[in-house]
Amino acid sequence: MNNKLKRCCFALLFFYNTLSSQNCNYIFSGKIEDFHENSVLTEATIFIKELNIFSIADSKGEFTISNLCKGIYTIEIAHVACENVTAKITINQNVYKTFQLEHHLEELKEIVFKIDRKTSNTSIEQTLKEDVIESFTDKSLGDVLAKVTGVSSLSTGNSIVKPMIHGLHSSRLLIVNNNVRQFDQEWGIEHGPSIDINTASSIDVIKGANTLLYGSDAIAGLVLIKRGNYQAKDSLFGSSSSSLNSNGRGGNISAEVVTTSKKGFYNRMQVNYKKFGDFKAAKYNLSNSGVKNLNASLSFGYKSFEKGFDLYYSYVDNTIGIIRTAHVGNVNDLIRAINKKAPSFVNDFSYEIDNPRQLITHHLAKLQAYKRFQNLGKLTLQYDFQINRRKEFDRRRTVLRDNPAADFRLFTTSFQSNLKIDALKNLVINTGFLLRYQQNNSADANVTRVRIPLIPSYDKYETGFYVVSNYNLSAQTKISAGFRYDLTKIEAEKKYKVFDWEENNYDELFPEFTVGVEEDFEILTFPKFNFNNYSASFGFTSFFNQGYEFSFNYGLASRTPNASELFSNGLHHSAARIETGSLLLHKEIANKFIASFTRNHQVLGFSISPYYNSINNFIQLIPAGDALTTVRGAFIEWKYSQVDARIFGVDLDVNGKLTDKLYYTGSLGVLQGDNLTEDIPLIHMPSTNFSNALFYTNKEFYQLNIGITQQTEFRQSSFPDYNFTTFNPINQEDVLVDISSTTGAFTLFHFNSSASFKFAKKSSLTVAFNIENIFNKPYRNYLNTLRYFADDLGRNFNIKLKYNY
Amino acid sequence: MKSIFKLKTMKTTRLLAILLISALSFTACQEDDHNHDDHDHEHEHQEEINNLRYRLTNAEDTTDVVIFTFTDQDGEGGADGTSESSGTLTANATYTGELELLHEDDDEMEDIGAEIAEEDAEDHEIFYTTKVAGLNFEVVDVDKNNDALGFKTNVSTGDAGIGILTISVIHEGKKPNNGTIEDALSAEGTTDIEVSFNVTVE
């Protein structure tokens, strides 16, 4: 075969007719074939660039796109085993074309769809691709997600980073890891998601409650962590990468090996090890902020058009240090720390991770299988389980140093099905059910030496059912609608202090929860709750010429209070607080409206996305306003309570092409959160932030990429005042406890550069050099719970090497 | 057709990558899921001190005893703890003071103070602060490094007066220090105990 043909690898057949009219009823159809064998290629994607719409070839290799207007369109055709094909077609009548794609048996590369395939046809989402994820290999999921406009991080120090979509976090944000909904005690602010981002090939952020496939409680939205598809061919490939950082004097090494076979089998092994010592703020060491982390994942599967299966297992092992000065004994220690403006304890650099620290392991396993039925669709069944073990060690007396103050084991297992009915023209229906069992096992006082664990042991049963349908009104306009019902049952076994039980009136409200046994001022209770959750969604998307697109989504989400909100009971040393749950909580119900007006265009593209989220019975954790007296001194009680709330704002993204090689991207996020019940702002809402980036890229010269980014966050001026005064018994005076004030505005600059060198036909080396916080700016972030104690990270020089083979 | 299992076609780098993955995965699997009951049951040390007793005995009259007691029977959270004193201190007298830190519940009593004095004294220091004129506390016991500890005190009273006495136990504070809590807490120290009593000298 000659080379020219190889490169072009398509042949086009045009059928012309000069009939013309202005209507939009033209049909573009055709067939995708293999160049060599003339066998049909199923599942090829046919994408019309100008309209941002795509169709997938059926089992006969045929596709149809209807309701097209007259015009010239750019068509991109992709298939897992082939190189993409681009062609221009003129539509002025119904057009039928046969495309021939070439299988590149020699080219051994992992293929990820180049086309933005939306999770749902009408959802408002943003995708982080592999190249972005790769620049975060030694960071956390929360860090990479913060790249998306409208997503912020709620963090505890620099290693525990929780993603936050439009001001909401934890249980309101569903993280779906490889099609398994992640359950890793996500309820606590100081619990980061136990996910290794090196397992992901793309991450989708869906900013609405619109994807009902994964749950009815996505009040904030969803994060979908996905892996790529592989070509069905005999090959072996992989990559090794390493990252080194000046800040923390650490980095990671990771390796990945993939084998695939022509029959459709694949096998992937991946491992990542990360280690950092004490990180450094601009002016001082953050003693005991080191982190250690070992992750591995394995997958094995078979994929064909008709049937397939995927077996996946991943393991995450984290040891996370929390800066030593963040452990305070009582309110007066906290005031001392706040007034000091810098940590009182700074040690020399060390890799050692002492108490306070967290040890977390997470196992996740999944078996998924699918089969296609002719004239019906695709049935997928999935079984999965997860075990999350979390141990938290506080600074305690020497004899208790090795006793975790909290030790939880959360086991979750689920079975779910999805039937995708796609045999009908223009209509795709997804329907399925879910069965889930979850058990939390909290170690008792024998292990923790804490009389009542922060979270009790409990069993939780969930069952759900959903129907989601997508309908193409025309080639340019799609609508979707869905409904979901979930039933949740929680049965806990929890000790209460008799005083608390009676003070909250639980003895009269819930006498059925106890058997009346009291011992040591404690009462054993068995709280049981049932929750019925209904959720619904509606979506609309319309595409226009020149890449313009308009989408509107409405989502009704309802969320069962989580174990922390219902049952929390205990002491957090990082903020001298006692956290108290409430058995009186109802489910949280949100109505979220989000629209987006987008132009997908390389020269000048943008996206404006306003949203409004109205939440009834919004559960918040706020200071109760007074201090509790204990033998340790005074503590602040933080209580879970419910208010009506609204959160609204706008996300703005702009991208432009200044010259052939010079590009610009900018983003702006503005948000306002209000507690309508008390007519005050909501606590912990992200402030207005914007960023600008300029980058030079030269594909011909070693894929050179050089960029500079500016990132600004304003001071959050809209915050609730929960300050109070307490008596300082040392100085014998009343003092103000300022736990509410927000931190100042800051602007950071970052530099990044990378280049790629080809060695042999199949090997390449990518080298990257980056500087974060170039000017070593000291700053604190309102959304970092350790902001009272120390600054955020200072400058970091980073070198990354990635070797593909 | 190339077979994926033909080792000779594999490059050394790929082999190394596979070996690295196997080695690291093996290490990962070795970590047991610790049993919830794998801790030592012989000495069930309690975290919580729910009873603090400070006993002052007049050096010249052993029947003149004043006991300051802080109790929080249901521990942290729940009902607030309560402070009380058994009487008033005699003016212009000297007392010997002894502090006890206890965990007491229905079926056991643990002397946490004694345990700290024996095993953990270097990490602890007890401070007595008051603004009552003439009321002075002198720590007389020391840890292994000869630094002040504070379970044993000599107390002298001045003229009659009323005020507050605060007893603080500082954990991992700066030792030695200049005798003030501020200095003890100036490094990585934290307050483990802070209780206050009304004190009357007459």
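**Exercise 1.** Find how many salt bridges are counted between domain 1 of chain A and domain 2 of chain A.

*Solution.* The count is zero salt bridges between domain 1 of chain A and domain 2 of chain A, where a salt bridge is a side-chain nitrogen of Lys or Arg within 4 Å of a carboxyl oxygen of Asp or Glu.

Conventions for this and later exercises: the model is predicted, local features need pLDDT of at least 70, side-chain atom pairs count only at pLDDT 80 or more, and totals for chains, interfaces and linings use all residues. Residues are numbered from 1 along each chain as its sequence is written, chains are lettered from A and ligands numbered from 1 in the order in which they are written, and side-chain values use heavy atoms, with hydrogens and water left out.

**Exercise 2.** Describe the contact between domain 1 of chain A and domain 2 of chain A.

*Solution.* 
1. Bounds: domain 1 of chain A covers 21-103 and domain 2 covers 116-804; these bounds come from an automatic or database domain assignment.
2. Separation: the C-alpha centres of the two domains of chain A lie 39 Å apart.
3. Residues: domain 1 of chain A puts 18 residues into the contact and domain 2 of chain A puts in 21, contact meaning heavy atoms within 4.5 Å.
4. Area: about 1600 Å² is buried between the two domains of chain A, and carbon and sulfur atoms give 50% of this. Buried area is the accessible area (1.4 Å probe) that two parts lose on being put together, summed over both.
5. Polar contacts: one residue pair is in polar contact between domain 1 and domain 2 of chain A, both residues at pLDDT 80 or more. A polar contact is a pair of N or O atoms within 3.5 Å; within protein, one must be able to donate a hydrogen and the other to accept it, and residues adjacent in sequence count only if both atoms are side-chain atoms.
6. Elements: on the side of domain 1 of chain A that touches domain 2 of chain A, β3 (53-56) and β4 (62-68) of chain A each supply at least two residues. With four residues, β4(A) gives the most to that side. Helices (H or I, at least four residues) and strands (E, at least two) are DSSP runs, numbered from the N terminus.

**Exercise 3.** Describe the interface of chain B and chain A, including its salt bridges.

*Solution.* 
1. Residues: 71 residues of chain B are in contact with 74 residues of chain A.
2. Area: about 6500 Å² is buried between chain B and chain A, with 52% given by carbon and sulfur atoms.
3. Salt bridges: the rule finds eight across this interface. One of them joins A:Arg397 to B:Glu115, with the closest N and O atoms 2.9 Å apart. Side chains of opposite charge can pair when their charged atoms come close.
4. Polar contacts: 22 residue pairs are in polar contact across the interface of chain B and chain A, both residues at pLDDT 80 or more.
5. Elements: at least two residues each on the side of chain B that touches chain A come from elements including α1 (12-30), β9 (161-171) and β10 (190-201) of chain B. The most, nine residues, come from α1(B).
6. Composition: the residues on that side of chain B divide into 20 nonpolar, 25 polar and 26 charged. Here Ala, Val, Leu, Ile, Met, Phe, Trp, Tyr, Cys and Pro count as nonpolar, Asp, Glu, Lys and Arg as charged, and the others, Gly among them, as polar.

**Exercise 4.** Trace the pairing of β24, β25 and β26 in chain A.

*Solution.* 
1. β24 (406-421) and β25 (427-442) of chain A pair in the antiparallel sense over 14 bridges; two strands pair if DSSP finds at least two bridges between them.
2. A:Phe411 stands opposite A:Gln439 in β25(A).
3. The hairpin of β24(A) and β25(A) has five residues between the strands, and A:Asn426 in the turn has a positive phi of about 65°.
4. β25(A) is joined to β26 (457-472) of chain A by 14 bridges, again antiparallel. A:Leu435 has A:Thr463 in β26(A) as its bridge partner.
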